Amino acid sequence: MKKGLLWLGVISGVALLAAFNAPTYKIGRVKYNGGGDWYGDRTALQNLIKFCNTNLKTNFQAEEEIVEVGSAQLFDYPFVFLTGHGNVIFSAQEAQNMRKYLTGGGFLHIDDNYGLDKFIRPQMKKVFPELDFVELPLNHPVFHQKYELPNGLPKVHEHDNKRPQAFGLIYKGKLVCFYSYESDLGNGWEDYGTYPGDSQETRLKALKMGANLVQYAFTK
């Protein structure tokens with residue numbers, strides 16, 4: 001009898017430990033229509049998740065999940081990531097759903113993987129007709145979270161000899177969408193060696209910027 005109770009206690013303890021260590025949150029990758037490569041930067045999010053779990057002590061599920069713009073599941077993710085090179089199309093329902101998500105506390109990071117800009121801006125205008133992207137100043141809190149980034153958004157890859165720019169959509173005083181342009185931030189999160197010539201220093205800067213975005217999204 002005592003042995004049975006002992007095993008019951010051990011099993012209960014293991015179950016409690018498993019529950020305690022269970023992932024608290026998930027990060028979502030936005031799947032959109034229009035033919036653009038929403039699936040780009042394949043290893044980026046899993047590396048950002050690992051970096052945040054290690055350095056911010058977050059408890060994210062280890063793997064990203066795919067979520068569609070117009071789905072009810074969008075609201076299961078406090079932070080979602082959208083990237084690509086090509087076309088993006090939001091239907092009226094999808095735009096309305098994204099607006100509800102962002103005005104209700106969700107956070108969207110859009111990362112131009114080169115070529116996305118002319119497609120994503122009109123679609124986000126459907127989401128927030130009354131708002132325009134504004135360039136964020138270097139003193140914005142998003143650059144001063146866990147990591148101090150006094151120079152702002154890091155430059156990962158060069159395309160058109162343009163400086164990296166951090167844009168935002170600000171709704172009722174809160175940054176709800178961060179748009180990294182001419183930076184290729186997501187490329188910087190990918191497995192080291194994915195892009196020959198990239199340095200560990202640049203990759204670390206990119207991951208720190210990503211961690212700041214996550215921390216900001218959870219504390220804004």
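**Cavity, pocket and sheet in a predicted model**

The largest cavity in this predicted model has a volume of about 80 Å³. The model is a prediction in which local features need pLDDT of at least 70 and side-chain atom pairs count only at pLDDT 80 or more, whereas totals for chains, interfaces and linings use all residues. Residues are numbered from 1 along each chain as its sequence is written, and side-chain values use heavy atoms, with hydrogens and water left out.

Lining residues have an atom within 4 Å of a point. Grid points are joined across faces, edges and corners, and a volume is the space filled by probe spheres set on the points. The count comes to one cavity of 30 Å³ or more. Its lining comprises 13 residues, of which Asn-187, Gly-188, Glu-190, Asp-198 and Arg-203 lie nearest the centre. Helix 5 (185–189) and helix 6 (200–219) each contribute at least two residues to this lining; helices (H or I, at least four residues) and strands (E, at least two) are DSSP runs, numbered from the N terminus. By class, the cavity lining holds three nonpolar, six polar and four charged residues. Here Ala, Val, Leu, Ile, Met, Phe, Trp, Tyr, Cys and Pro count as nonpolar, Asp, Glu, Lys and Arg as charged, and the others, Gly among them, as polar.

The largest pocket has a volume of about 200 Å³. Among the residues that line this pocket are Leu-149, Pro-150, Ser-199 and Lys-205. The pocket lining divides into four nonpolar, four polar and three charged residues.

Seven strands form an open sheet of mixed pairing in the order 2-1-3-4-7-6-5, where two strands pair if DSSP finds at least two bridges between them. Strand 2 and strand 5 (134–135) are the edge strands, each pairing on one side only. Strand 1 and strand 2 (residues 65–68) are parallel and share four bridges, with Val-30 partnered by Val-67 in strand 2. Three bridges join strand 1 to strand 3 (residues 79–84), again in parallel; within this pairing, Arg-29 is bridged to Phe-81 and Ile-27 to Phe-79.

Ile-27 is located in strand 1 (residues 27–31). This residue counts as buried because its relative accessibility is 0%, buried meaning under 20% relative accessible area, exposed over 50%, and partly exposed in between (1.4 Å probe, protein chains only). Contacts of Ile-27 (heavy atoms within 4.5 Å) beyond four places in sequence include Leu-45, Phe-60 and Tyr-77. The C-alpha atoms of Ile-27 and Glu-65 are separated by 6.5 Å, although the two residues are 38 residues apart along the chain. In strand 1 as a whole, four of the five residues are buried.

Strand 4 (residues 107–112) pairs with strand 3 in the parallel sense over six bridges, and Gly-84 has Asp-112 as its bridge partner. In a regular strand the side chains alternate between the two faces of the sheet. In strand 4, Phe-107, His-109 and Asp-111 point one way and Leu-108, Ile-110 and Asp-112 the other, and all are buried.

Definitions and conventions: On a 1 Å grid over the protein atoms alone, a cavity is a set of points where a 1.4 Å probe fits but cannot get out, and a pocket is an open set with protein on both sides within 12 Å along at least five of seven lines; lining residues have an atom within 4 Å of a point.
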